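Here is a friendly tour of one protein model, written for someone who likes to know the cut-offs behind each term. Have a look at the sequence and coordinates before reading on.

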Amino acid sequence: MKAISFSLSRVSCRALILLSGILVSLGLFAERSAAQPDPDPCRPVRFADSAFVVCTVDLRRYDVRLFWRGPDGDVLGSFSRLKDTPEGSRLALAMNAGMYHEDRSPVGLYVENGKELKAANTRSGPGNFHLKPNGVFYVKGNRAGVLETDTYLKRKIRPDHATQSGPMLVINGRIHPRFSEQSTSLKIRNGIGVKDQHTVVFAISDDPVTFSAFARLFRDHLGCANALFLDGSVSSLYAPALERMDSLLPMGPIVGALRRPP
């Protein structure tokens, strides 16, 4: 009986040592995994024989917000000036965030840090902004959405950040009814969509594309049931991992994704 007890004790000790080693290994693996930075959100994409850059961000890991004026009250107007703000060190990507007047004030609704700085624009008029339905991109906490302007106003959403632009690209899974696949209007374009309430997708074309092709990128390739056109011609992207900082023209509002502190 003593010999059997001794053998069982040795087996128990070996089992404990093995279990301890496994737990230590798992702990080290978890530490290494936690220490690894998130993969960069931006990547090149090809769709319908055209080149794009697509940036996908999870709002539980990134803080998506809007920027217009700096701490001095002046319009930021560029990615380089945005980088010099207190939030600039956490900036993972940025993009022009909608249409603006000559003084670089927003054409439509603009909300920053919960404050409505410009009211919604529901008037009719010329240009892409008024190619209705236009829409609103908004963020509230770690959730985001893209809605037609009328729907957004009816829901009385109180967002942390919001920008109005137009036209809508994709509306509840349908391409904007005014877009034609036979269109010959080719431009560099950028826009924003949502895959789900936590996932925001930014896209910019590297090749001139039509509205129809750009809308199909969001719906068919990126899985966005709702997406909003931000602008063309002045479309710009800051993506440091791709060593890209466009500086085509002074911008109005800018949308950026900030890495959340660990």
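The report below takes up the ground rules, a disulfide, a pocket, a helix and some backbone details.

## Ground rules

This is a predicted model, in which local features need pLDDT of at least 70 and side-chain atom pairs count only at pLDDT 80 or more, while totals for chains, interfaces and linings use all residues. Residues are numbered from 1 along each chain as its sequence is written, and side-chain values use heavy atoms, with hydrogens and water left out.

## The disulfide

Taking a disulfide as a pair of cysteine sulfur atoms within 2.5 Å, the count is one. The partners are Cys 42 and Cys 55, with sulfur atoms 2.1 Å apart. Their link is right-handed, with 105° about the S-S bond. It connects distant parts of the chain, 13 residues apart: Cys 42 belongs to strand 1 (residues 42–47) and Cys 55 to strand 2 (residues 50–58). Helices (H or I, at least four residues) and strands (E, at least two) are DSSP runs, numbered from the N terminus.

Both cysteines, Cys 42 and Cys 55, are buried. Buried means under 20% relative accessible area, exposed over 50%, and partly exposed in between (1.4 Å probe, protein chains only).

## The second largest pocket

A pocket is an open set of points on a 1 Å grid over the protein atoms alone, where a 1.4 Å probe fits, with protein on both sides within 12 Å along at least five of seven lines; lining residues have an atom within 4 Å of a point. The second largest pocket has a volume of about 170 Å³, a volume being the space filled by probe spheres set on the points, which are joined across faces, edges and corners.

Its lining consists of Leu 109, Val 111, Gly 114, Glu 116, Tyr 152, Leu 153, Ile 157, Arg 158 and Pro 159. By class, that gives six nonpolar, one polar and two charged residues. Here Ala, Val, Leu, Ile, Met, Phe, Trp, Tyr, Cys and Pro count as nonpolar, Asp, Glu, Lys and Arg as charged, and the others, Gly among them, as polar.

## Helix 4 and beyond

Buried residues of helix 4 (residues 211–221) include Phe 211, Phe 214, Leu 217 and Phe 218. Just after this helix, Gly 223 has a positive phi of about 70°.

## Backbone details in loops

The peptide bond from Lys 132 to Pro 133 is cis, with omega near 5°. Pro 133 sits in the loop between strand 6 (115–118) and strand 7 (135–140).

Lys 156, a residue other than glycine, has a positive phi near 50°. Lys 156 is exposed, at 70% relative accessibility.
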